[in-house]
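Hello,

Here is the structure we talked about. Please open it and keep it beside this email as you read.

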Amino acid sequence: MKKLILPMVAAVLCCSAASAFELDDFVLGGARVRGIPSSQPALDGRYYYQFNNEGTVIKKFSYKKEKDVTTFFDNAKIAGNTIKSWEGYIMSADEKRILLWTDSKPIYRYSFTANHYVYDIDANKLTPLSLQGGEEIATLCPTGHQVAYVRDNNVYITHLQSGSTIQVTTDGKKNEIINAVPDWVYQEEFGVLNTFAWSADGRYLAFIRFDESQVPMCSMELYQGECNPNPDYGIHPGRYDYKYPAAGEHNSVVSVHVYDIHDGTLTKVELPLKEDDYVPNIQFGRQPVPTLMVVKENRAQTRMNIYAVDPATGAVNEVYDEQSDMWIDEDVVTGVKYYDGFFVVKSNRDGRTHLYKYNYQGKLLKQITSGDYDVTAYYGYDEARKLFYFQTNKGALNRTLRCASDVTGQVKEMVDGNGTYSASFNSDFTYYIRRFSDATTPDQFVLYSIDGKRVRDLQLNEEYAQKYTSSEIPRREFFTMLNDNGDRMNGYIIKPVDFDPSKKYPCIMSQYSGPNSQQVLNKWKMEWEEYFAMQGYVIACVDGRGTGGQGKDYLKAIYLNLGRYETEDQLAAARYMAQQPYIDADRIGIWGWSFGGFETLMAMSQDDSRYACGVAIAPVTSWKFYDSIYTERFMLTPEENPDGYNYAPLDLTHKLRGKLLLMFGSADDNVRIVNSMQYVAKLHSEGQQFDMMVYPNMNHSINGCGVRLPLYQRVLNFFDQNLK
């Protein structure tokens, strides 16, 4: 149920054009908020690379001098090349080769196969990685001489100078054994797409093996459809089978393996792994000799261990052990950073999420950050200046940039004021691109030197900002309220532009409510809520217990009880809105997507529910149906926590109040169709009436083929029918 996936291997993707019809066409006449092209810092720290929008040219830009721009790669100048454009690229560490790909074919929501090619810059030569094509997670070694990849669940290594290829594994088999590519649930819930780890000298290649033979099979029916139709399914539906572990069921059994390029041996690392342990992260640490660092987590996701492995001898030493009284976030186990002589890990052991520095013998050297804030992103360590760079919250609503001295321990603010700041640094931390927005300022991208001097503006979205300022578009207003437990909750309200406080308005409550999420932030958003407000609604969104930005205790409140306290808080928010003199208490609706769909159903199924209607899109209806890693992170297994699992929408259908619109895609591999179908069957058995929209062949995002506009139109029409 993640919103963002980050692979272990950095890659640059070609920018795609904006879709033909978007929300901004309604509210700003087609103006768009612009970003900047994806970039990759050059090795020397003085330059960075960018793909053009067409995927044909990579240019090299100077950080310091705006006009210092050269063409590093030009697809049109490669002799004998017949490929018109590329979908993405990865630069070798020595910047002498470029790994490019095209003709990608999706596997799950984020993984894909593609035809990969290697471009030798000095020789101006383009060579296919393999004659068969269709490689997965192709990964250059640090020396740039070899590429590891996966085909048919097996690992291969191609030596670029000789062109020879070695097949490292032979046991790969669909729906049974996967080498190096994470299984579905690792991809979805740990956000890991690639488990290859090369040693710095290119001698060792480590990877994780997934034995999913005992994981239950899940099947989805596929139909011919009208958008990108598949004629094979014109009469009889097709079927897509994949392994999906629901809560409490068998997961993949994982093991870590190391291949020695020099002697051609493949060795299983003898780690202290139980059959149901997770290994979400392996990397080679920066030490005098190659050392493989392995992060292990128990199935309950309450204990995290880090092991240092000598690939030459197989010796395993534990260097970190943390036990928590609640779940450990996935970005903690996947976000450990390794340096010469130490590594940095995040932990909320003192009640807030902070950075800690350990040596490779497992000794805590220092707590890098402390205070009444959470480190929300860690950017890295500047070895020359002995500084750690990171993002933190500033209050719950804002995000700021800070750095901490490794020598004095002093923490320094890098920006002034409120809003949401983030940063992208070059390779030696001498420059960074700063991104900023707030509730009334669209995204701004500015290049800064590390001493805080503004080098140049990259994208300020001035034209868009001017149109926004001069247009009659509703603004977001922030507020705070208390729940029934006395906890502070943050929210925003969007009122119609012609708002009249003497009138009574219908209200739509918007929420996501998932663990450690935040909808109420002081950052730029132009979403469908603004358009709904333009149609005469007051929109309100409140982040209740379990959401981020307010410390460990606020998060922990929902542990083992998903839906209980989130629901109490959404009902409190609805009562708060009903008390406002400009709200018609009899015309309040609620809606949400994914976890927000789950919470919509939960809030509508309470004795004191006051919602006249609600829209639940792709909702979980019982956590027994949802995947193991996400669900057990917050709930443990059904066997360990039966009471928690028996409090879900499927258990409360007899209490459902108000008009309901249920929407979902038939090919949702994440929140599987069983969630909605079992819920619908229960409603039917109880004689309940409701509306439903099904999107054939659509996944969890219900996107593409022009479907988003009519989807939101249907949502608005439903609210119009029941709240106006």
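Below is what turned up in two places. One caution before that: the model is predicted.

Start with helix α7, residues 564-578, and helix α8, residues 595-604. Two packed helices are described by the angle between their axes and the distance between the axes. Here the axes come within 9 Å and cross at roughly 70 degrees. Angles of 65 to 115 degrees count as roughly perpendicular, so α7 is roughly perpendicular to α8. The crossing of α7 and α8 is right-handed.

Which residues make the contact? From α7 come Glu 566, Thr 567, Gln 570 and Leu 571. From α8 come Phe 595, Glu 599, Met 602 and Ala 603. By class, that is 4 nonpolar, 2 polar and 2 charged residues.

**Around α8**

Is α8 largely enclosed or open? Of its 10 residues, 10 are buried, so α8 is largely enclosed by the rest of the structure. Among them are Gly 596, Phe 598 and Leu 601. The buried residues of α8 pack against α7, and also against strands β41, β42 and β43 and helices α9 and α11.

**A threonine in a strand**

Now go to Thr 158, in strand β12 (residues 154-159). Its relative accessible area is 4%. Buried means under 20%, so Thr 158 is buried. Its side chain makes a polar contact with the side chain of Thr 165, at 2.9 Å. Leaving aside neighbours within four places in sequence, Thr 158 is in contact with several residues, including Leu 129, His 145, Val 147 and Tyr 149.

Best wishes

Methods: Residues numbered from 1 in each chain as written. Predicted model: local features only at pLDDT ≥ 70, side-chain atom pairs only at ≥ 80, totals over all residues. Heavy atoms only, no water. Axes fitted to C-alpha atoms, helices over the stretch in contact; angles between N-to-C directions. Helix = DSSP H or I, 4+ residues; strand = E, 2+ residues; numbered from the N terminus. Parallel < 35°, antiparallel > 145°, perpendicular 65-115°, else oblique. Left-handed = near helix turned anticlockwise from the far one by under 90°. Contact = heavy atoms within 4.5 Å. Nonpolar A, V, L, I, M, F, W, Y, C, P; charged D, E, K, R; others polar. Buried < 20%, exposed > 50% of the residue type's maximum accessible area, 1.4 Å probe, protein only. Polar contact = N/O pair within 3.5 Å; in protein donor to acceptor, adjacent residues only side chain to side chain.
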